[in-house]
Amino acid sequence: MSEELKKLVLDAKNICLIPSKNEPESLSSCLALFYTLRELGKNVNLISEKIPERLSFLIPSLDFLSSPKNFVISIPRSSTDISQIYYEKTDESLKIHLTTNKGSIRKEDISFYFQEAKPDLVITFGISDFKKYLENSLDSFAYLLGSPIINIDNNPSNLNFGQINIVENKSLSEIVLDKIKIFEGVNIDKNIANCLLAGLVLYYENFKNTTSPSVYQLASDLISKGANNQLVIDNLQKTTEKEMMFLSTLFLNIKNEGSLAYSIINSNEFSDISEQESLSLVQKLKTMGIQNNLLVLWESRNSDPITNGFFYSKNKANLNKVADEFNVNSKNEWVFIQDKAIDFHSTKERVLKLIL
């Protein structure tokens, strides 16, 4: 596999990297490979809908972050014959004028889409189902379909959609570092080292959920190669303005029922809170010394509305019950919940029944 991967990467000129918006360390490990591929002389674009504020210190120039730029308006020749096109551009608007020789233009005949050059290679990070992940963005990113894919993930439910599938039970940073090593002459500089160290800190929750000597040794090796441990920790642990508002709203709405403390946040301001941001919020809550079972719920409107939330508990049995109920993996004292039902009460009752 290493030789096939190496050939795919070295033969490609234009490479797209796509981190998962849900996987906490996918962006940092993606950026580590971004810097590596730039060092190899590749034209690399990183496609990410949203950059978490606390990871902004790892981000290169925004010129390298891609979004579709070539917008196409298409009108079939069978509907009308257009003889002239011109446009008017002002500070307020752009008007496109079409002169027709015959036929007529109907609104339903006009289609709109983005058109970009197909990349030679796509590399995904922490994405289990590629088509499902892009299904709400196909008008923008359909040009990615059909390109060879290197699929990097640590989720055992991955659908193995890539030409090369690297699915291993360890952090994405460790997987990426293993693959970086196959390219002779690549120097792991401070940018790459910072990204990999940030990924380890995120995945192992500042090394609180690992006792592996190899993980500690890897962190030490990255620091020796230029990773700034204090810079990484300070940025990953800082509280953003959005987090402060969320926590304030959480505590204003907190209620108790039996052995469960719960908070329902019914505000559009927080509908885009992701699993990655939830991890940061849970870490902040841990520092406050909360001992109870805590359930926090809010509505997500990123695609089809669903109930998002997290359950925090020091009781491992309760944690595992909730993880099984919502078919997710438990993490270090918390689980991220997604419930297709937009009914906060029913989601809360499902959790409450499990921990009584």
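Is Y204 buried or exposed, and at what relative accessibility? Y204 counts as buried, at 9% relative accessibility, where buried means under 20% relative accessible area, exposed over 50% and partly exposed in between (1.4 Å probe, protein chains only).

## Basis of the model

This is a predicted model, in which local features need pLDDT of at least 70 and side-chain atom pairs count only at pLDDT 80 or more, while totals for chains, interfaces and linings use all residues. Residues are numbered from 1 along each chain as its sequence is written, and side-chain values use heavy atoms, with hydrogens and water left out.

## Aromatic pairs

A pair of aromatic rings is described by the distance of the centres and the angle of the planes. Rings of Phe, Tyr and Trp (its six-membered ring) pair if their centres lie within 6.5 Å; planes under 30 degrees apart count as stacked, over 60 as edge-to-face and the rest as tilted. By this rule there are eight aromatic pairs. One of them is edge-to-face and joins Y203 to Y204, with 4.8 Å centre to centre and 85 degrees between the planes. Y203 is partly exposed, because its relative accessible area is 28%.

W298 and F310 also form an edge-to-face pair, at 6.0 Å centre to centre and 65 degrees between the planes. This pair links distant parts of the chain, 12 residues apart: W298 is in strand β13 (residues 293–300) and F310 in strand β14 (residues 306–312). Both W298 and F310 are buried.

## Charges over rings

A charge sits over a ring if NZ of Lys or CZ of Arg is within 6 Å of the ring centre and within 35 degrees of the ring normal. The charged end of K331 sits over the ring of W334, 5.3 Å from its centre. K348 lies over the face of Y262, at 4.9 Å from the ring centre.

## The sheet

Strands (E, at least two residues) and helices (H or I, at least four) are DSSP runs, numbered from the N terminus. Two strands pair if DSSP finds at least two bridges between them. Five strands form an open sheet with mixed pairing, in the order β11-β12-β13-β14-β15. β11 (254–257) and β15 (334–339) stand at the edges with a single partner strand each, so one side of each is left without a neighbour in the sheet.

Strand β12 (residues 260–265) and β13 run parallel and are joined by six bridges. The bridge partner of Y262 in β13 is L295.
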